[in-house]
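Good morning, and thank you for making time for this item. Please bring the structure up on the screen, and I will go through a few of its features.

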Amino acid sequence: MQETDSRAKLTKSLIRQAFTGLLQQKPIQHITVKELCQKAGINRSTFYAHYMDIYDLLEKLEEDMVEDFQHALEPLLAGTPDASPATDMEEPSLLGIMTGIYQCLRDNVDICTVTLGEYGDKAFAVRLLSLGWESCLAAYSNHLWGASPRQLEYFYAFVSNGHIGLLQKWLEEGMTTSVEEMAQMAQNIMLHGMDFLRGSSLSPSSPSDPGADR
């Protein structure tokens with residue numbers, strides 16, 4: 001059984017590698033199962049043992065990434081409701097969340113590259129953003145207690161699109177920056193804005209006060 005599972009994992013890995021490579025060259029509607037199998041070094045019956053067609057393959061790959069993304073968001077959703085607004089949103093916990101998210105992005109670098117590329121599934125990018133918005137908005141409202149729902153929507157729109165920009169830059173550089181450094185950078189920009197560019201000494205142990213500027 002273990003040998004069968006290992007063989008299946010290897011087969012799926014070869015299929016994924018071949019598929020994402022082809023998606024960087026052409027749109028999905030121009031990719032055939034025959035072409036993919038030749039690139040992956042497998043036969044068609046092996047492909048159909050795991051997937052119904054090319055679109056089923058894409059859907060399952062995206063579902064796997066969504067599951068990873070949801071797992072990375074779990075700490076944010078498991079906040080302590082009785083904590084005070086000024087102390088609940090501490091940077092160490094946010095740093096852990098950011099690190100989890102960027103680790104998920106690195107683990108799925110091939111899907112990220114394809115999604116943000118010329119032939120990417122833009123609807124999937126929107127879906128991830130929507131997932132983050134739906135999952136995080138309520139949690140942010142517990143911390144940013146002085147903000148209106150509309151302000152929170154704009155805040156998350158700004159932050160989520162900023163993360164897309166950071167991801168694109170990270171991919172362009174070959175992800176040479178560590179996951180931890182990316183998470184720290186994203187957190188500092190999100191919580192401290194322009195102070196991040198003024199050479200401030202911003203550490204994850206410095207508490208953030210969402211009401212300081214009001």
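I begin with the loop between H9 and helix H10 (179-192), where Met 175 lies; helices here are DSSP runs of H or I with at least four residues, and they are numbered from the N terminus. This is a predicted model, in which local features need pLDDT of at least 70, side-chain atom pairs count only at pLDDT 80 or more, and totals for chains, interfaces and linings use all residues. Residues are numbered from 1 along each chain as its sequence is written, and side-chain values use heavy atoms, with hydrogens and water left out.

Met 175 has a positive phi, near 55°, although the residue is not a glycine. Gly 174, which follows H9, also has a positive phi, near 75°. Is Met 175 buried or exposed? Its relative accessibility is 9%, so Met 175 counts as buried, the term meaning under 20% relative accessible area with a 1.4 Å probe and protein chains only, while exposed means over 50% and partly exposed lies in between.

Helix H9 itself covers residues 149-172. Its 24 residues should span 34 Å at 1.5 Å a residue, and the end C-alpha atoms are 35 Å apart, which agrees; the expected span is 1.5 Å times one less than the number of residues. Among the buried residues of H9 are Tyr 156, His 163 and Trp 170.

Technical notes:
Helix = DSSP H or I, 4+ residues; strand = E, 2+ residues; numbered from the N terminus.
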